[in-house]
Amino acid sequence: MKTYSVGICDKDSEYAGALMDYVNGRKKLGLRLHSFTGVEAVKNYLNSENLDLIITDNMQSFSISDGEYEYMGIKTVLLSEAGLEFDGEDSGEERGHVIYKYQKAERICRQIKNMLRIEKKDVRRVASTMVVYSPIGRCGKTTFAKALAQSDEVRGGLYVAMENFGTSVSGLENDVLYLIKTRSARLEEALVQQIKYEDGIYSLQLSGTFLDSHDVNVSDIDQLRTSLLQLGRYSTIVFDIGSAAIEDYKILEGFDRLYVPVLRDEVSMSKFEVFMKLLKDLGMRSLITRIITVDVPDAPYNSAEMTKKLWEVNKDENGDQ
């Protein structure tokens with residue numbers, strides 16, 4: 001289970017310490033609370049570490065972006081002394097971006113977890129889009145992406161290849177990316193023609209080389225996702241993106257879930273740390289919060305071992321959220 005790091009910045013140090021002791025003493029919550037005396041202390045901490053959420057009793061030093069408070073790209077929520085204690089299970093969602101300070105600690109934790117939820121549930125959604133990306137080579141990225149697509153038992157999944165190099169020379173003649181860039185009316189027809197069914201999964205190869213995919217921007221990927229969803233054929237769409245296939249990491253922000261396969265040897269972990277540091281330097285700490293790391297087993301994507309791994313990953317994501 002992923003443990004989320006939450007910063008509490010409150011003038012009442014006794015209150016902050018008591019809440020921190022409560023949260024950190026219950027590991028099953030999946031939360032780790034860090035107490036700060038002021039915004040400067042938060043800034044110093046973020047120079048080397050990361051937070052997934054900040055709760056504070058004073059918003060004066062925090063900025064507003066897209067209607068939400070944030071600090072250095074991290075969502076920030078008001079810890080308010082004014083308000084009423086709600087009895088409902090979803091009080092955190094009902095109260096929006098405010099946490100009532102003097103309610104039961106277990107309810108505060110529930111509100112925090114509601115605010116940290118990566119995937120927003122929407123009954124109107126008919127499909128989810130996922131991306132598998134990793135700065136590490138030979139980590140099982142493609143195998144895991146195919147396993148995600150193959151495991152969909154609703155209407156089936158679609159595997160979308162955006163690797164550094166495709167596995168078929170025919171991809172060099174693929175004009176899907178061109179049709180996306182030009183917003184062509186022929187895009188939907190081309191997508192249907194290019195989607196193939198083989199080895200138990202539907203797949204789409206976008207291009208033969210990263211030289212083509214480097215021209216793709218956030219708007220282009222949004223257009224592609226929208227077009228694939230409008231086909232209405234797949235309830236899971238999984239993008240397999242190579243480490244060199246995109247120039248703008250903001251492309252990764254538009255997906256419902258972001259999986260990053262990892263290896264545990266020293267060199268691979270160093271590469272992962274460099275990747276995380278790069279995201280921080282780019283002001284993309286919110287993307288770090290959404291990363292789901294995966295140790296991919298050395299097994300075929302349709303094997304029992306991979307099915308077990310998918311079950312474990314899903315349990316960790318949803319079991320204690």
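The questions and answers below concern the fold, the cores and the helix contacts of a predicted model.

Residues are numbered from 1 along each chain as its sequence is written. In this predicted model local features need pLDDT of at least 70 and side-chain atom pairs count only at pLDDT 80 or more, while totals for chains, interfaces and linings use all residues, and side-chain values use heavy atoms, with hydrogens and water left out.

Me: How many helices and strands does the secondary structure of the protein hold?
Reply: Helices (H or I, at least four residues) and strands (E, at least two) are taken as DSSP runs and numbered from the N terminus. On that basis the secondary structure comes to twelve helices and 14 strands.

Me: What percentage of the 321 residues of the protein count as buried?
Reply: A residue is buried under 20% relative accessible area, exposed over 50% and partly exposed in between, with a 1.4 Å probe and protein chains only. Of the 321 residues, the share that counts as buried is 48%.

Me: Which residues touch the most other members of the largest nonpolar core?
Reply: A nonpolar core is a set of buried Ala, Val, Leu, Ile, Met, Phe, Trp, Tyr and Cys residues joined through side-chain atoms within 4.5 Å. The largest such core has 43 residues, and those that touch the most other members are Leu228, Phe239 and Ile241.

Me: Which residues are in contact with Phe239, leaving aside its neighbours within four places in sequence?
Reply: Contact means heavy atoms within 4.5 Å. With those neighbours left aside, Phe239 is in contact with Met130, Val131, Val132, Val160, Met162, Leu224, Arg225, Leu228 and Phe255.

Me: How are α7 and α9 oriented, and at what angle do their axes cross?
Reply: Axes are lines fitted to C-alpha atoms, for helices over the stretch in contact, and angles run from 0 to 180 degrees between N-to-C directions. Angles under 35 degrees count as roughly parallel, over 145 as roughly antiparallel, 65 to 115 as roughly perpendicular and the rest as oblique. The axes of helix α7 (residues 187-194) and helix α9 (residues 218-231) come within 10 Å and cross at roughly 70 degrees, which makes α7 and α9 roughly perpendicular.

Me: Which residues of α1 and α4 meet?
Reply: The axes of α1 and helix α4 (residues 105-116) come within 11 Å and cross at roughly 75 degrees, and α1 and α4 are therefore roughly perpendicular to each other. In this contact, Tyr15, Leu19, Tyr22 and Val23 of α1 meet Ala105, Glu106, Ile108 and Cys109 of α4.

Me: Is Asn24 buried or exposed?
Reply: Asn24 lies in helix α1 (residues 13-24) and, beyond its neighbours within four places in sequence, is in contact with Leu31, Arg32 and Leu33. Because its relative accessibility is 18%, Asn24 counts as buried.

Me: Which residues does Phe62 touch, not counting residues up to four places away in sequence?
Reply: Phe62 is found in the loop between β3 (53-56) and β4 (63-65), and it is buried, with a relative accessible area of 7%. Beyond the residues up to four places away, Phe62 touches Val39, Ile54, Thr56, Tyr69, Glu70, Tyr71 and Thr76.

Me: How many disulfides does the structure hold?
Reply: A disulfide is a pair of cysteine sulfur atoms within 2.5 Å. Cys109 counts as buried at 2% relative accessibility, and Cys139 is buried at 4%. The number of disulfides in the structure is zero.
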